[in-house]
Amino acid sequence: MDHGFASDNVVGAHPKVIEALVSAGQGTEPSYGYDRWTGVLRAQFADHFGSGARAYFVLTGTAANVLCLQHMTRSHEAVICARGAHVDVDEVGAVEVVGGRKILVAEPRDGKLTPEAVEPLLARRGMLHAVQPRVLSVAESTEVGTTYSADELGLLCEWAHSRGLLVHLDGARLANAAAHLGTSLGALTTAVGVDAVSFGCAKNGTLLGEAVVLLGPGLGDGFGHQQKQSMQLAAKSRFVVAQIGALLTDDLWLHNARHANAMAQRLAAGASRVPGVQITRPVESNAVFATLPVATLVRLRARYSFPTWDDMSGEVRWMCSWSTDAAAVDAFVDAMR
Ligand SMILES: Cc1ncc(COP(=O)(O)O)c(C=O)c1O
């Protein structure tokens with residue numbers, strides 16, 4: 001069974017990440033983030049996200065999300081996200097159970113949140129019996145592979161701040177969004193007023209390891225302690241740091257994301273020429289969503305494993321990654337025929 005299109009984390013690590021790991025393994029270094037690589041990586045994050053960015057390095061994307069959202073709120077405050085958001089449906093309730101924060105869900109359009117969708121959730125503000133919304137959590141790119149433009153994000157942040165909400169960006173695929181939009185990482189975050197980012201790295205080429213980037217004023221105090229208390233500070237954290245450093249060196253993150261996106265475009269173009277196959281969402285990152293005739297689906301699933309996204313419509317999701325090659329895409333499309 002071929003799992004190549006099931007997810008963007010079914011692949012190994014980029015060779016440059018492995019090289020960085022090997023060189024980080026030489027000799028001895030202080031542990032728990034006191035090593036020399038951590039300061040260098042923090043400076044690299046400041047180059048990408050602006051001089052005020054404070055970066056921390058954790059083990060999973062779920063941990064990045066939970067730590068950000070917990071840090072941005074008090075226990076009576078809530079997080080608003082889109083229906084279907086990873087933080088709500090794919091983290092086993094970690095924000096609620098581990099983070100101790102309630103999640104409220106708004107209806108997205110094309111995977112994206114709008115002020116109109118969020119405003120009704122603010123109706124019980126001030127009521128003693130209700131959780132108080134404090135953070136808007138958006139995914140860039142979204143769970144359905146679409147992207148918010150910088151302008152869209154800017155307007156959403158401006159509105160959120162005017163309503164007393166902070167903005168968290170789940171950037172598990174921020175690299176793919178930036179590559180698609182032709183922007184820098186900072187242009188989709190710092191420049192538009194995002195307060196905190198979970199910056200995804202595993203899908204972009206690391207073995208494991210993700211970053212939390214705190215941008216908003218007032219965030220960061222005690223974050224290191226919170227990270228350690230939450231069991232997210234690896235003793236040998238230099239091995240996480242080395243991997244992420246490789247992605248930020250010579251724009252490997254951008255190269256990898258551009259490649260994954262280009263493979264998704266190739267896949268969508270090929271699949272849309274197969275009789276009966278419909279591409280169901282705009283392809284704006286490394287994800288392709290489609291519906292297929294039952295016979296085509298059965299034929300494809302005999303060789304390839306990939307998830308059904310929507311049980312009602314039978315819509316499926318295919319993901320491309322930094323290591324998907326064009327021949328594999330063409331073979332996948334051929335198998336559909
Ligand atoms: C939108 C989104 N956020 C966060 C994550 C991070 O999850 P994990 O805890 O598996 O690293 C993922 C991974 O699939 C994701 O798709």
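These are my notebook entries on what I looked up in this predicted model.

**Ground rules.** I number residues from 1 along each chain as its sequence is written, and I work with side-chain values that use heavy atoms, with hydrogens and water left out.

**Whole chain.** I counted 13 helices and eleven strands in the protein chain, taking both as DSSP runs numbered from the N terminus (helices are H or I of at least four residues, strands are E of at least two). The radius of gyration is 20 Å, close to the 20 Å that the globule rule gives for 337 residues, so the chain is as compact as a globular protein of that length; the radius is taken over C-alpha atoms, and the rule is 2.2 Å times the number of residues to the power 0.38. Along its principal axes the C-alpha trace spans about 55 × 55 × 35 Å.

I then looked up burial and found that buried residues make up 53% of the 337 residues, where buried means under 20% relative accessible area, exposed means over 50%, and partly exposed lies in between (1.4 Å probe, protein chains only). The chain exposes about 14500 Å², of which carbon and sulfur atoms supply 55%; these areas come from the Shrake-Rupley method with a 1.4 Å probe, and for residues only the protein chains shown count as cover. Among contacts between residues at least 6 apart in sequence, 74% join residues at least 24 apart, with contact meaning heavy atoms within 4.5 Å.

**Strand β7.** I noted that five of the five residues in β7 (residues 210–214) are buried. Both faces are covered, with E210, V212 and L214 on one side and A211 and V213 on the other. Which strands pair with β7? Strand β1 (residues 54–58) pairs with β7 in the antiparallel sense over five bridges, and A55 stands opposite V213. Strand β6 (residues 196–199) also runs antiparallel to β7, joined by four bridges, and A196 has L214 as its bridge partner. I call two strands paired if DSSP finds at least two bridges between them.

In the loop between β6 and β7 I found L208, which is partly exposed at a relative accessible area of 41%.

**Open sheet.** I traced four strands in the order β8-β9-β11-β10, with antiparallel pairing. The edge strands are β8 (278–279) and β10 (308–310), each pairing on one side only. Strand β10 is joined to β11 (residues 315–319) by two bridges, and T308 has V316 as its partner in β11.

**Salt bridges.** My search of the whole structure gave nine salt bridges, each a side-chain nitrogen of Lys or Arg within 4 Å of a carboxyl oxygen of Asp or Glu. E315 forms one of them with R281, the closest N and O atoms being 2.8 Å apart. E315 lies in strand β11 and R281 in the loop between β8 and β9 (287–291), so the pair ties together parts that are 34 residues apart in sequence. E315 is buried at 4% relative accessible area, whereas R281 counts as partly exposed at 26%.

E119 and R163 meet in another, at 2.7 Å from N to O. E119 lies in the loop between α6 (115–118) and β4 and R163 in the loop between α7 and β5 (166–171), so this pair ties together parts that are 44 residues apart in sequence.

I recorded a cis peptide bond between E140 and S141, with omega about -5°; S141 lies in the loop between β4 (132–139) and α7 (150–162). V92 has phi near 50°, a positive value in a residue other than glycine, and V92 is exposed at 82% relative accessible area. D250 has phi near 55°, also positive in a residue other than glycine, and sits in the loop between α10 (238–248) and α11 (252–272).

Methods:
Predicted model: local features only at pLDDT ≥ 70, side-chain atom pairs only at ≥ 80, totals over all residues.
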